[in-house]
Amino acid sequence: MYKTNFIALVNAYSKDEDALELIETNMNNLNNYVSAVYAMEVQIQTLRFRLEGDEYREAVTNLDRRRRSAHEAAIAACSILNRLAGLEGVEPLYSGNLEDRNEVAEFCIAIVDELFHGRSRCTVKELLES
């Protein structure tokens, strides 16, 4: 479902290089949030054995700050992508509540998962020849 809406959005702006760059940047912000959460969870587990006291707290605080910033960027990305979709009359990528941080987080995971599982399995050579 998400991939179909994403492709429709890209197709709608196929002749607008600036819009395509904006779409790409904001789609990447969705993945950046998922990556930030993953990195935070992994690093918290390893840092607790490598750092102590204030150093550990500072490292965790920095990780949380990065995750929160990535989350804010993902929320903004949903808004921008939906605005672009609306301007061209295509289905929005995100149909949930932008005020619900958990809902946005779940959307980020879902769209990254769908794009990962639906990825093209052709070789670079095949892509260049098409």
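**Note on the pocket and the cysteines**

1. The largest pocket has a lining made up of Phe6, Val10, Leu20, Ile23, Glu24, Met27, Asn28, Leu30, Asn31, Ile111, Val112 and Leu115. A pocket here is an open set of points on a 1 Å grid over the protein atoms alone, where a 1.4 Å probe fits, with protein on both sides within 12 Å along at least five of seven lines; lining residues have an atom within 4 Å of a point.

2. This is a predicted model, in which local features need pLDDT of at least 70 and side-chain atom pairs pLDDT 80 or more, while totals for chains, interfaces and linings use all residues. Residues are numbered from 1 along each chain as its sequence is written, and side-chain values use heavy atoms, without hydrogens and water.

3. The volume of the largest pocket is about 240 Å³. At least two lining residues come from each of α1 (2-12), α2 (17-50) and α4 (101-117), and α2 contributes the most, with seven residues. Helices are DSSP runs (H or I, at least four residues) numbered from the N terminus.

4. By class, the lining of the largest pocket holds nine nonpolar residues, two polar and one charged.

5. The count of disulfides (pairs of cysteine sulfur atoms within 2.5 Å) is zero. The sulfur of cysteine 78 has its closest cysteine sulfur in cysteine 108, 5.3 Å away, which is too far for a bond.

Conventions
Points joined across faces, edges and corners; volume = space filled by probe spheres on them. Nonpolar A, V, L, I, M, F, W, Y, C, P; charged D, E, K, R; others polar.
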